[in-house]
Amino acid sequence: KSEHDDLLDALGRDLDKNHIYNNSWSHADEFAFDALGRFTDDFRRVIERGLRDGRQGLGNIFVFPAGNEGDCPPNTDGVCRPRLSNYENTLTPQGILGICATSALGKRQPYSQPGSNLLVCAPSGDLPRTLATTPFRSITTGIHNSLIQNFGGTSAAAPLVSGVVALMLQTNPQLSWRDVPLILAHTARQVDPESPSWTRFGTLNYSHYYGFGVVDAEAAVRRAATWVSVGGSDTQLRCGPYRFAGELPIPALPEGSSNQMLDPRQSTEGFLQTRIEIPADCAIQQIEHVELQMQGISVANGEISFSMAGQERLQILLTSPAGQTSVLATPHTCSSSRYDAQTRNWTQQPSACQNGLNDFRFGLTRHMDEPARTADNAAWVLSLSQRIATPVANAARATGEAPPAAAPPELRLQSWQLQLYGR
């Protein structure tokens, strides 16, 4: 059996006995829209089966870390390009609770990957590379009566949320897999309120760094005790998929700063903008999950490639009819992973981006409780640009202080489709 077979077996084992599946692991991807072929399809089927059949039809709870590559990797031009949790296929299916990490002070841990698929954060220890500057440790027990004196990363934040979910299910065993993320989102504490990353819709705050906030165990358990269930898989409404097709070039624009590109309120002037109109027969008034599937191509010397060389330059945003924007992708440095058996750590080395938008699926938590369409707007708008260089880098090249920039590849959007889930 392969490693993938073992993972799939673990995620689907004893669906009625194992109510919560905590996963303090992730794939060592290349941060290039990680497409894992057969494993991705099998993974989705295992998750869907757990939601449908687990806990005697109430559904299993799957908790995953958001990833630890959110700080800026070394690069040649000094521009910070944080990697997003959106690029990992094991975080995109509906039913996955994506967990980010904060420090003891309630601020985002630098390594915690931002994204529009985050649900909530939990406190976690610092990783070895950050202990010298922010010495905060979490200590726990391990297998064979061992003591782990520095259990850090989002892998340590995830089990804290799993523990809160266990208390919720103990208080109200009839909670479905749909109820759990709704309760966690509505009871999360907003931290770092001065961060410009926060936006608000209805009663929910959201940040691409913090999700809906930091998990609040007491508030979540109290809400669970009186929560009226929204039902399980069989009562959930689904709309779509709705499709846009048309081969259109993605324009090249100056890169700007990474902070600006992670801002959901940023300007999309000059972007390629396409839209999908949600028909009036879609009855979803409160969204629980959005799935966007995209197909892009790269054209060089007349040859079409689905590997999309140059896709690491893409900026992609999705804006809902309610005016809320998800940042799906920002320019990022791709890397390859190597495991050191002696230190038991993964190390990242810059490498060419290998995967592309070959039917890649984004799974979004950010639009929770929004309507599929409003009274005066039914359009979901996808905005794309190719961010090729910073103004500073361009100035340096003009004065001969930096080598000329290579001509960007021709990238085209071929199609995208949208599927909405909710009540």
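Biologist: With which residue does E291 form a salt bridge?

Modeller: The closest N and O atoms of the pair are 3.8 Å apart, where a salt bridge is a side-chain nitrogen of Lys or Arg within 4 Å of a carboxyl oxygen of Asp or Glu. This is a predicted model, in which local features need pLDDT of at least 70 and side-chain atom pairs count only at pLDDT 80 or more, whereas totals for chains, interfaces and linings use all residues. Residues are numbered from 1 along each chain as its sequence is written, and side-chain values use heavy atoms, with hydrogens and water left out. The salt-bridge partner of E291 is R361.

Biologist: How many residues apart in sequence are the parts that E291 and R361 tie together?

Modeller: E291 lies in strand β12 and R361 in strand β18, strands being DSSP runs of E with at least two residues and helices runs of H or I with at least four, numbered from the N terminus. Because the pair joins these two strands, it ties together parts whose separation in sequence is 70 residues.

Biologist: Does E291 count as buried or exposed?

Modeller: Buried means under 20% relative accessible area, exposed means over 50%, and partly exposed lies in between, for a 1.4 Å probe and protein chains only. R361, at 26% relative accessibility, counts as partly exposed. E291 has a relative accessibility of 11% and therefore counts as buried.

Biologist: How many of the 14 residues of strand β12 are buried?

Modeller: Strand β12 spans residues 287-300 and is largely enclosed by the rest of the structure.

Biologist: Which residue in β20 stands opposite M294?

Modeller: Strands pair if DSSP finds at least two bridges between them, and β12 pairs with β20 (residues 410-422) in the antiparallel sense over twelve bridges. β12 also pairs in the antiparallel sense with β18 (residues 358-364), over six bridges, where M294 stands opposite F360. In β20, the residue opposite M294 is W416.

Biologist: What is the positive phi of N301, in the turn of the hairpin that β12 and β13 form?

Modeller: Three bridges join the antiparallel strands β12 and β13 (residues 303-305), and S298 has S305 as its bridge partner in β13. Two residues lie between the two strands of this hairpin, and N301 in the turn has a positive phi of about 55°.

Biologist: How many residues apart are E247 and R412?

Modeller: The side chains of E247 and R412 meet in a salt bridge, with an N to O distance of 2.5 Å. The pair links distant parts of the chain, as E247 is in strand β9 (residues 237-249) and R412 is in strand β20, with a separation of 165 residues.

Biologist: What is the relative accessible area of H367?

Modeller: H367 lies in the loop between β18 and β19 (379-387), and leaving aside neighbours within four places in sequence, its contacts (heavy atoms within 4.5 Å) include I287, V290, L318 and W380. H367 is buried, with a relative accessible area of 0%.
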